[in-house]
Amino acid sequence: MIADTGQRQRVTDEAGQRVTADCAAALHAWAESYRVGGWPDGTPEYLMDGYFRLLESTGDVHRMTACGTDRARHARLRALTGGDVAAVHEVAACQAALAAQDAPDLAAAAVLALLHDELSVRGDRLPTSLPATLTAAGDSVRADQLARSFAAPARRAGAFTGLALALLDEGRLAEARRAIDELVLTIAKLGASDEKVTEDAVLRLAAAGQWTSAERIARAAPSRSARVVVLRALVDAQIAAGHLDQAEHLALTLTSDDGGTDGYHGDDTGGADRRALIPVIAALAADGQGARAESLARAFPGPDSIREHGGVLALPHLVMALAATGQDEQFHRLVRAVPDERNRNRLLATATMAAPHDVDQAEEAARSVADDLDRAEALKGVVVRLLLAGDTERALSVAREIPVGPLVRALRVKLGQSDTDFLLDGLGHHARPGVVRALVEQGQPDLAESFVSRISNDGDCAAASCELAVALAMTGNTARAEALYAEHRRRLRFDDSAVLKAVALTHLETGALDEALRTAHTADTPHLALQLLRDIAVWLVENGMTAEAERLAASQDDHPEMLATIAATAAAEGDAATARRLAWRAAELPQATPGLPPLRLLLLAEALVEGEEHAFACQLTERAVVLVGTSNDVLLSRAAVVLARAGDLSRAETLARSFSFWSHREPALEAAASAYVDAGDVARAQSVVDAMDSGHEHKVRAMVAVATALTRAGDRDRARVVAAEAKGIAQDLSYGQGPALLAVIGVLLGLGDVAEAEQAVGAISGYHESEAARKMVSEARTEPVATDAPRRTWVSEGPGEVPAVVAEVARWLKEAGDEAGAARLLADAAEDARNADTSRDARDAEAGLPARVSRLLARGLCGIGRLWDFVLPSLAAVDRTVPVAVAEALGLDHSAPRAVDRRHGCSYAGLTADQLIVSVVLCRRAGRAENPDLLVVLDELRRDYGHHACPFAASLERLAYGTHGPALFQEGMQPDEAEIVSRILEELSGGRGQQAP
């Protein structure tokens, strides 16, 4: 507890070794008493901070690991600090300490990796707005810890952006600067796809007037292209804020060295990125600084501007700004200087769309355009302005003068279109939404709806329909808006959220909260529904109904996003106490470990199979199957493979046969056939093979397994028949032919049929497979082929020979993006192999191999981002306790399989007791012939039991088929099950009470 190292050493020396040991024992006992109690509220601060540092300094890895894997301790640290930073530090320290050991505990390392993953991503389930809300509520310490708890750089950047802005609002400039420093470091770690995150941070700081910090963050973007895009956005923000000098200076600094120069290319201007200059030129002209804008435009001419616009950059933008601000003399001079007449006309048309202050001037300018097509576009701009102003009659008058070909006019007459219809249908798609909105606001919704219904393009119709629905909702016509939503919601560019939000808010304004909630729940997706409910909650808080907003959040199981939104709104309304209370609740909610999704359950089950925990693997797989239901045949096929490898053969086969698509069915059937072979049931394996499709390599591999088993059993004739059939199928494969024939050749060589093997070699189309096959045949002529080749435990990889399991983990590390970790892992393993004194064969047989490689694997676990997808199966192959330890850390129960509860009706896989007895007796009396219906019943009973080793099903199978197996009356059977077995025995013995089949 003494902070100074030298003083602590002097006290220790003076006290003596025995006194020091007694003190340490007392300290550990004190800490243990709080650990057993779950680190309750009131735990001394030293035990949550200094004690772990003491363990770290003394190298007490065992007690460090106990702290690092203690979820209750993590929860207490979170409550004390406001985040998971301290817990992550403890877990990381434990990982480093384990990796430094000669023979680390891999099970503990795996659990630590799992917890590190969980703690790192737990923050990612929280809203990034929470740190800012907590700051506004007066809890900046917890806010900082929470912001640091976000593992994903994009979410971390969002959290620190909000935190910095909240601190600036509070006037705490020093703390805000630290948050911005952290934000800059985070931005530098963003990926290529996170460009919008940087732009959002920059624009939010710019909106708060933090221009220097905004530019600093923009220049911290990790890629050149991202920097240029974000800096252009900052230029636009500076223009919008009226900082034209700063915008011009920043735009001029954007050179080709900062990013690409696509669009306006830099050639003879020092590589300036001209795209950033375009809005500056337009803004200067609009500000009345026409001469300055023209000078800037002429200083940076691009190839297109030289060719078409007399060497003036962004001339259309410049002309539009000049025309809009009445700088007619300069405007006409620039247009007259354009060499091409068509380009001059287009510029005139563009200028009229930009609008002089008087619509009369706009109309006059439009009529002066010489080219018919350009004049038509200019007049359409005038028509749109008149419609938006509500002057429909004048708009119709101008529309009649728009140049239209005789064919279009004749078609109009034939269709009987009114002047208004003709006018509206001729508008460009960009103008339609605004016109629709204006018509509704002017009290002409029928005309607007008629116009929308005639738009032929789906995307344009959806956009206009959306504007119409929103306008109807905002004017109180919610029923009509919802009808439009129901009709168009699945069409392209229809903004569901805008329409439903308008309807819901209109209901709220009229006091119809229930109707607003009903509207939110009509959303197509849960995400959209939650977004609408958050909007409703915000309205409630802003209108003084915080209690109703909290009840709404409670109805959604206190969703963190909703709680955070309500808290932020309460803080903005000045209710700091409510804001703090709700923000704390939102931060605490995700503490519980979420239920594992099916894929993770299957990955864990696969690892348990590697560790020979077959019963637990079957239990988790069945849970995954229940979660998947019938929605994902890919996962169900994977589950069938796991069940087959775990020994639940009947269930695996039943599941595999249920798939209709070959890519799901064939791998599962192959696994079932191989499992039957491993179990010694070659006949059942052959029946599975017969059900497989001959067009895929999976059947060939299954047949190879059957042929190999027959060879081992001495039935070489049958093995040759199966191998010959497999060879014929493999030769006709269009995909996977080479590997399939290689497997068949191995069987043929094992049978001694070298001539057949050579013939198969000639049929291989792939070069590499053909060379490998020739080598196999050549070696077979000099030495016999072993049909049971030992598993290779060492492979050549990277700098030398390494254990196969280490090579596999290195491959997974590369897939996870940790190239450096993979290289380090392989180099360390190869070094260990070179330094070993014994031969490779001796090393393979040595029992201490896992202990030697575990240090390398533990080190690899420290560098891996996720445990599940990469190393769990490999770790199980080295240390079988790993998956069980991971499952225990997740709180999964792997005790004895559950007993079937039949208190509410005695149904046995859908049969009554009498029906079940008759089925078994008939099967036995039919000469033990296989009965598919009874097999289904037995599989259902095993599924109900939760494990393939169901005592009742095993007894029924013995009685039906006369097979050998466990005792008929087993300890795990229910009383009603034992009674059924007794009655079957009586039926089979003719009532003589025979107790054995």
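Figure 1. Helix H6, residues 71–81, has as its buried residues Arg73, His74, Arg76, Leu77 and Arg78. The model shown here and in the other views is predicted. Just after the helix comes Gly82, whose phi is positive, at about 90 degrees. Arg73, one of the buried residues of H6, places its charged end over the ring of Trp39, at 4.7 Å from the ring centre.

**Figure 2. The whole protein, for orientation.** The protein has 997 residues, and 47% of them count as buried. Its secondary structure consists of 58 helices and two strands. Among contacts between residues at least 6 apart in sequence, 61% join residues that are at least 24 apart. The protein exposes about 46000 Å², of which carbon and sulfur atoms supply 52%.

Figure 3. Side chains of opposite charge can pair when their charged atoms come close. Glu248 and Arg292 form a salt bridge in which the closest N and O atoms are 2.4 Å apart. This pair links distant parts of the chain: Glu248 belongs to helix H16 (residues 244–253) and Arg292 to helix H18 (residues 290–299), 44 residues apart. Glu248 counts as buried, with 14% relative accessibility. Arg292, at 30%, counts as partly exposed.

Figure 4. Helix H41 spans residues 649–657 and is mostly covered, with seven of its nine residues buried. The buried residues are Leu649, Ser650, Arg651, Ala652, Glu653, Leu655 and Ala656. The side chains of Glu653 and Arg657 meet in a salt bridge, at 2.8 Å from N to O. These two residues are separated by about one helical turn because they are four residues apart in H41. Glu653 is buried, with a relative accessible area of 7%, while Arg657 counts as partly exposed at 41% relative accessibility.

Figure 5. Lys727 and Glu756 form a salt bridge, their closest N and O atoms being 3.0 Å apart. Lys727 lies in helix H45 (residues 716–731) and Glu756 in helix H47 (residues 754–763), so the pair ties together parts that are 29 residues apart in sequence. The relative accessible area of Lys727 is 8%, and this residue is buried. Glu756 counts as partly exposed, at 35% relative accessibility.

**Figure 6. A network of salt bridges.** Four residues, Asp144, Arg148, Arg156 and Glu182, are linked in a network of salt bridges. The count of salt bridges in the model comes to 36.

**Figure 7. Aromatic pairs.** A pair of aromatic rings is described by the distance of the centres and the angle of the planes. The count comes to two aromatic pairs. Trp30 and Tyr34 form an edge-to-face pair, 6.1 Å from centre to centre and with 85 degrees between the planes. Both residues lie in helix H2 (residues 17–36), four residues apart, which is about one turn of the helix. Trp30 is partly exposed, with a relative accessible area of 31%, and Tyr34 counts as partly exposed at 22% relative accessibility. Phe661 and Trp662 form a tilted pair, 6.3 Å from centre to centre, with 45 degrees between the planes. Phe661 is partly exposed, with a relative accessible area of 46%, and Trp662 counts as partly exposed at 33% relative accessibility.

Terms used: Residues are numbered from 1 along each chain as its sequence is written. This is a predicted model: local features need pLDDT of at least 70, side-chain atom pairs count only at pLDDT 80 or more; totals for chains, interfaces and linings use all residues. Side-chain values use heavy atoms; hydrogens and water are left out. Buried means under 20% relative accessible area, exposed over 50%, partly exposed in between (1.4 Å probe, protein chains only). Contact means heavy atoms within 4.5 Å. Accessible areas come from the Shrake-Rupley method with a 1.4 Å probe; for residues, only the protein chains shown count as cover. Rings of Phe, Tyr and Trp (its six-membered ring) pair if their centres lie within 6.5 Å; planes under 30 degrees apart count as stacked, over 60 as edge-to-face and the rest as tilted. A charge sits over a ring if NZ of Lys or CZ of Arg is within 6 Å of the ring centre and within 35 degrees of the ring normal.
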